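Biologist: Hi! Could you walk me through this one? I'm new to reading structures.
Modeller: Happy to, let's bring it up.
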Amino acid sequence: MTWVLWNDRLVKDADIQLSKEDRGYQFGDGIYEVIRVYNGSMFTATEHIDRFYESADKIKIVIPYTKDVFHKMIYDLIEANEVTSGQVYIQITRGATPRQHQFPTNTVEAVLTAYTKELQRPVSEMTNGVSVKTVEDIRWLRCDIKSLNLLGSVLAKQEAYEDGCFEALLHRGDSITEGSSTNMYGIKDGVLYTHPATNLILNGITRRVILACCEEIGLPVVEEPMSLASVFLNEEFFMSSTTSEIIPVIMINGRKLGKGLPGDWTQKLQIAFEAKINQAVYA
Ligand code: PDD
């Protein structure tokens, strides 16, 4: 049987009851997280939970549990579903109330839901690399919040998929920001470039682990926006996320980047990243 977390209770999937006037459903008024599970253990759970609380705080949703209690609730969900290699999706909305744009004035309880699924690592993409399509970044100006409002990302990803690409490479004018659901990195002359963690990107948890790996393997990092016009000057390019880990980008808009193969630094980072997973979940 599959269990779902509904507020503070584990219930059967069929028993969950959500209102048509839930503000998440009507306004995208909520936030979410995705945490990877390897070998039955959450990877970087504390960082994801911290970001969940930060995102909630930024849109003034109060999560009615301490972080420790919340961590335990997610842990219990994973245990109940006996997840081995998979992910947990968690979201909280401002709650259900008669439709009005402004926050409800009465005490409306936030609605928490979380569920798990089995998921294998994207080994083929990580090994062989993927293509991306450049798409103008039309999202809002608070991309640092992991908001349920994902229409800008959905449209970008769809445009990339329709062109046979794995991901959209988003840019605001000439400035590359990130992917529709990933962070983006270029490597040029032995230096890694990635957009700084401002309001224009989500500061990925995977990104943070990667920046620590860069230090370990002696790859200098410059956090500044990359220019779209000179994107082909990069010798290597890759993307990252909780579910993608580190995936080399070998083609942009149908044109090969460098030799059209995963780069050496990217592969070194993949090894360093995998070591971090192993340390955390198999130690
Ligand atoms: N996406 N940028 C955006 C816009 C994202 O949506 C994500 C994550 C990332 C990478 O963040 P992290 O390394 O913490 O996963 C960057 C998740 C996985 C999703 O929407 O499914």
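Biologist: Which residue takes a positive phi just after helix 3?
Modeller: That is E82, with a phi of about 50 degrees. Keep in mind that this is a predicted model.

Biologist: And how far does helix 3 itself reach?
Modeller: Helix 3 runs over residues 67-80, which is 14 residues, and spans 20 Å from its first C-alpha to its last. That is close to the 20 Å expected at 1.5 Å a residue.

Biologist: Which residues of helix 3 are buried?
Modeller: F70, M73, I74, L77 and I78 are buried there. They cover an arc of only 135 degrees around the axis, so they sit on the same side of helix 3.

Biologist: Let's hop to helix 5. Which residues are buried in that one?
Modeller: In helix 5, the buried residues are G152, S153, A156 and A160. Their arc around the axis is only 95 degrees, which means they are on the same side of helix 5.

Biologist: What is on the other side of helix 5?
Modeller: L151 and E162 are there, and both are exposed.

Biologist: How many residues does helix 5 have?
Modeller: Twelve, residues 151-162. Helix 5 reaches 16 Å from first C-alpha to last, close to the 16 Å expected at 1.5 Å a residue.

Biologist: New topic: rings! How many aromatic pairs are there?
Modeller: Searching the whole structure gives eight aromatic pairs. One of them joins Y38 and F43, and it is edge-to-face, with 5.9 Å between the centres and 75 degrees between the planes.

Biologist: Are Y38 and F43 buried or exposed?
Modeller: Y38 is buried, at 5% relative accessible area. F43 is buried as well, at 7%.

Biologist: What about Y89 and Y115, how are their rings arranged?
Modeller: Y89 and Y115 make a tilted pair, 5.6 Å centre to centre with 40 degrees between the planes. This pair links distant parts of the chain: Y89 is in strand 5 (residues 86-93) and Y115 is in strand 6 (residues 111-118), 26 residues apart.

Biologist: Why does Y89 count as buried?
Modeller: Y89 counts as buried because its relative accessible area is 17%, and the cut-off for buried is under 20%. Y115 comes out at 41%, so Y115 is partly exposed.

Biologist: Which residues form a cluster through ring pairs?
Modeller: Y32, Y89 and Y115 are linked into a cluster that way.

Biologist: Which charged residues lie over rings, say those of F232 and Y193?
Modeller: R255 lies over the face of F232, 3.9 Å from the ring centre. For Y193, the charged end of K188 sits over the ring, 5.5 Å from its centre.

Biologist: What lines the largest cavity?
Modeller: Its lining includes R36, H48, S241 and F273. Y38 and F43 from our edge-to-face pair are also among the lining residues.

Biologist: Which helix gives the most to that lining?
Modeller: Helix 6 does, with three residues. Strand 3 (30-38) and helix 6 (205-217) each supply at least two residues of the lining.

Notes
Residues are numbered from 1 along each chain as its sequence is written. This is a predicted model: local features need pLDDT of at least 70, side-chain atom pairs count only at pLDDT 80 or more; totals for chains, interfaces and linings use all residues. Side-chain values use heavy atoms; hydrogens and water are left out. Rings of Phe, Tyr and Trp (its six-membered ring) pair if their centres lie within 6.5 Å; planes under 30 degrees apart count as stacked, over 60 as edge-to-face and the rest as tilted. Buried means under 20% relative accessible area, exposed over 50%, partly exposed in between (1.4 Å probe, protein chains only). Helices (H or I, at least four residues) and strands (E, at least two) are DSSP runs, numbered from the N terminus. A charge sits over a ring if NZ of Lys or CZ of Arg is within 6 Å of the ring centre and within 35 degrees of the ring normal. The expected span of a helix is 1.5 Å times one less than its number of residues. The arc is that of the directions from the helix axis to the C-beta atoms. On a 1 Å grid over the protein atoms alone, a cavity is a set of points where a 1.4 Å probe fits but cannot get out, and a pocket is an open set with protein on both sides within 12 Å along at least five of seven lines; lining residues have an atom within 4 Å of a point.
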